[in-house]
Amino acid sequence: MLRLDRATYDGIVAHAKRDHPVEACGVVAGPAGSDRAERLVEMVNAAGSPTFYEFDTTDLFQLYKQMDADDEEPVVVYHSHTATEAYPSRTDIGLAMEPNAHYVLVSTREHGNNDGPVEFRSYRIVDGEVTEEQVELVDGSSTTRSTA
Amino acid sequence: MAIEVRIPTILRTYTDGEKSVTGEGATLSALIDDLESSHSGIKDRLLDGGDLRRFVNVYVNDEDVRFLGGLETELKDGDQVVVLPAVAGG
């Protein structure tokens, strides 16, 4: 299961809508080994394409250098599909190289740049095998209270 | 001559889980051969038909080797090499 706070969820959706019809992409970093998605990092889609995304290689290096320095890892890797469902494509599966990450897919095919619901789904992709998982949205303040 | 090589999560199965290993070589190509001798199988994950795989990035001292000399990029003692798989899809 992927647990995500509302602000991060909204940030990913807003990014996907803003970049439509180009695929949007990014990560949510968190402390290594914690499985806590805490820091949303929007990345530029260097491919600038409605059917492909790729982090710019220099940006990728800077991102991993920063995460390494802060003892973080990419807890979520997200991207949007702009004309198809929020399910990993064959290319997504072949290129999934973070076995510990939650792969989030957002589909903007329905409403594009406009307001309206999106498909927002999460998967594990390990050795070419896709497993869908639940997404649980938490309100930042209420989770803090629940631990008291 | 020792060169530190940072290994991404997905390739740590070849390095007994180590995040970082050391190797040697006067060029990136020679370094990869040296890594293969102690971490069998890793070369095939980095190269395809004698070239760097399209979705594998290698950086020498913070610079993408595609903007340097590719596999012929010269290395010297103390250089840091980082391997990162592309984050990409369709």
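Tyr53 of chain A stands opposite Gly89 of chain B, the latter in strand E8(B), where helices (H or I, at least four residues) and strands (E, at least two) are DSSP runs numbered from the N terminus. Strand E4 of chain A, residues 53-54, and E8(B) pair in the antiparallel sense over 2 bridges, two strands being taken to pair if DSSP finds at least two bridges between them. The structure is a predicted model, in which local features need pLDDT of at least 70 and side-chain atom pairs count only at pLDDT 80 or more, while totals for chains, interfaces and linings use all residues. Residues are numbered from 1 along each chain as its sequence is written, and chains are lettered from A and ligands numbered from 1 in the order in which they are written. The model scores ipTM 0.92 and pTM 0.92. Chain B averages a pLDDT of 97, and 99% of the residues score at least 70, pLDDT being the predictor's confidence in each residue, from 0 to 100.

Between the two chains, 15 residues of chain B are in contact with 20 residues of chain A, contact meaning that the C-beta atoms of two residues, placed from the backbone, lie within 7 Å. On the side of chain B that touches chain A, E5, E7 and strand E8 (88-89) of chain B each supply at least two residues, and the largest share, 3 residues, comes from E7(B). By residue class, this side of chain B divides into 9 nonpolar, 4 polar and 2 charged residues, with Ala, Val, Leu, Ile, Met, Phe, Trp, Tyr, Cys and Pro counted as nonpolar, Asp, Glu, Lys and Arg as charged, and the others, Gly among them, as polar.

Chain B contains an open sheet of 5 strands in the order E2-E1-E7-E5-E6, with mixed pairing. Strand E2 (20-23) and strand E6 (63-64) of chain B stand at the edges, each with a single partner strand, so one side of each is left without a neighbour in the sheet. Strand E5 of chain B, residues 56-60, pairs with E6(B) in the antiparallel sense over 2 bridges, and Val60(B) stands opposite Glu63(B) in E6(B). Helix H2 of chain A, residues 57-69, packs on this sheet, where the helix touches E5, E6 and strand E7 (80-85) of chain B, and its direction makes about 110° with that of E7(B); axes are lines fitted to C-alpha atoms, for helices over the stretch in contact, and angles run from 0 to 180 degrees between N-to-C directions. Helix H1 of chain B, residues 28-38, also packs on the sheet, touching strand E1 (3-6), E2, E5 and E7 of chain B, with a direction at about 110° to that of E2(B).

The loop between E5 and E6 of chain B holds Asn61(B) and Asp62(B). Phi of Asn61(B) is near 45°, a positive value in a residue other than glycine, and Asp62(B), likewise not a glycine, has a positive phi of about 75°. Asn61(B) counts as partly exposed, with 13 C-beta neighbours inside 10 Å, whereas Asp62(B) is exposed, with 11 other C-beta atoms within 10 Å; a residue is buried if 20 or more other C-beta atoms lie within 10 Å of its own, exposed if 12 or fewer, and partly exposed in between.

In chain A, an open sheet of 6 strands has the order E3-E2-E5-E6-E7-E8, with mixed pairing. Its edges are formed by strand E3 (39-43) and strand E8 (129-133) of chain A, each of which has a single partner strand, so one side of each is left without a neighbour in the sheet. The twist averages 30° from one strand to the next. Strand E7 of chain A, residues 119-126, and E8(A) pair in the antiparallel sense over 5 bridges, with Val126(A) opposite Glu129(A) in E8(A). Helix H2(A) lies across strand E2 (25-31), E3 and strand E5 (72-81) of chain A, running at about 145° to E5(A). In the loop between helix H1 (6-19) and E2 of chain A is found Pro21(A), which a cis peptide bond joins to His20(A), with omega about 10°.

Ile125(A), in strand E7 of chain A, is buried, with 22 other C-beta atoms within 10 Å. Leaving aside neighbours within four places in sequence, Ile125(A) is in contact with Pro88(A), Ile93(A), Ala96(A), Tyr103(A) and Val130(A).
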